[in-house]
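Subject: Structure for you to look at

Hello,

Please find the structure we spoke about below.

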Amino acid sequence: MNDIPMELGLLLSAVLFVLGLIGVLVRRNLIMILMSLEVMLNATGLAFIVAGSRWGQADGQIMFLLILTLAAAEVGVGLGLALQIFHRFNTLDADSVSEMKG
Amino acid sequence: MALILFYITSAVAIFATVMMITRLNAVHGLLYLILSLLAVGVIFFLLGAQFAAVLEVIIYAGAIMVLFVFVIMMLNQGQTTIDQERTWLQPRIWIGPCLLALILLVELMAIIVIGGNAETGHLVDSKQVGVALYGPYLLAVELATMLLLAGLVGAYHLGKPMLKIKNPGENNE
């Protein structure tokens with residue numbers, strides 16, 4: 001039984017993270033941006049699981065649990081914001097929310 | 001064998017994610033996102049983290065995706081939605097996610113039929129996770145509960161004005 005090398009797991013995690021980042025930067029639909037954020041959080045969780053599996057400790061899975069709760073809270077608030085924006089501007093375009101004078 | 005399964009599953013995950021960020025329609029992207037999350041769950045299983053794999057399927061691919069579907073359904077109302085859904089449900093849309101899901105199912109069946117433990121690395125079972133979670137990480141659990149409570153209050157606060165606006169209207173759900 002040959003083990004899965006840690007480098008491959010971390011590489012997959014990095015590729016998924018970069019794909020999620022590209023999604024966040026490229027897409028302008030708020031729902032798609034939130035979905036890409038989910039991919040990024042999932043990739044960081046994968047990195048923690050790979051490290052936890054490499055060292056045989058439970059800490060990696062605990063970090064994944066914390067990321068899971070973070071993702072749940074984030075998606076609840078984010079989708080609430082998306083609903084608000086849709087009802088005020090009647091669109092889901094992230095560029096439409098540019099009225100704040102910063 | 002685990003390495004081959006890992007390669008196949010990684011290919012499925014990356015392909016599904018690329019398809020997700022290139023779909024123009026949010027629902028099509030959602031289908032591929034679910035496949036990506038399921039593939040990562042299989043990788044968790046292969047890495048010997050069964051508890052995380054189960055949580056990935058139940059919470060990520062289950063609960064959080066239901067939230068997305070719910071919001072997409074709330075944002076599409078009216079008669080045009082029916083025609084829209086008819087175009088969404090064409091076979092060429094869901095044949096891709098179905099094929100990817102079939103690959104994952106074949107992998108799981110191969111693991112079951114061959115028997116033994118396909119997972120590699122150090123097996124960390126849920127008992128170890130639970131002991132560590134309620135031992136040294138108790139403060140982190142408390143913080144996570146506070147975060148979830150804050151998220152609940154925030155989501156309620158953000159959704160409440162909309163309900164108030166909609167209630168005098170013609171129909172509320």
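This is a predicted model: local features need pLDDT of at least 70, side-chain atom pairs count only at pLDDT 80 or more; totals for chains, interfaces and linings use all residues.

Residues are numbered from 1 along each chain as its sequence is written, and chains are lettered from A and ligands numbered from 1 in the order in which they are written.

Confidence

The model has an ipTM of 0.90 and a pTM of 0.85. The mean pLDDT (the predictor's confidence in each residue, from 0 to 100) of chain B is 82, and 83% of the residues reach at least 70. Within chain B, α1(B) has the highest confidence, at 91, and helix α4 (residues 80-88) the lowest, at a mean of 69. In residues 169-173 of chain B the pLDDT is below 50, and this stretch has two contacts in the model beyond near neighbours in sequence. Two residues are in contact if their C-beta atoms, placed from the backbone, lie within 7 Å.

Chain B

Chain B has seven helices and zero strands. Both are DSSP runs numbered from the N terminus: helices are H or I with at least four residues, strands E with at least two. Of the 173 residues in chain B, 29% are buried. A residue is buried if 20 or more other C-beta atoms lie within 10 Å of its own, exposed if 12 or fewer, and partly exposed in between, with C-beta atoms placed from the backbone. Among contacts in chain B between residues at least 6 apart in sequence, 68% link residues at least 24 apart.

Ile43(B) is one residue to look up; it lies in helix α2 of chain B. Ile43(B) counts as buried because it has 25 C-beta neighbours inside 10 Å. Leaving out residues up to four places away in sequence, Ile43(B) touches Phe6(B), Thr9(B), Ser10(B) and Ala13(B), as well as Leu46(A).

Helix packing

The axes of α2(B) and α3(B) come within 8 Å and cross at roughly 170°. Axes are lines fitted to C-alpha atoms, for helices over the stretch in contact, and angles run from 0 to 180 degrees between N-to-C directions. These two helices, α2(B) and α3(B), are therefore roughly antiparallel. Angles over 145 degrees count as roughly antiparallel, under 35 as roughly parallel, 65 to 115 as roughly perpendicular and the rest as oblique. The contact of α2(B) with α3(B) has 18 nonpolar residues, two polar and one charged. Here Ala, Val, Leu, Ile, Met, Phe, Trp, Tyr, Cys and Pro count as nonpolar, Asp, Glu, Lys and Arg as charged, and the others, Gly among them, as polar.

In chain A, helix α1 (residues 6-26) and helix α2 (residues 30-55) cross at roughly 165°, with axes that come within 8 Å. α1(A) and α2(A) are therefore roughly antiparallel. α2(A) and helix α3 (residues 59-89) of chain A pack at about 175°, their axes 9 Å apart, and are therefore roughly antiparallel too.

Between the chains

In the contact between the chains, 55 residues of chain B meet 52 residues of chain A. On the side of chain B that touches chain A, α3(B) gives the largest share, 12 residues. That side has 43 nonpolar residues, 12 polar and no charged.

Regards
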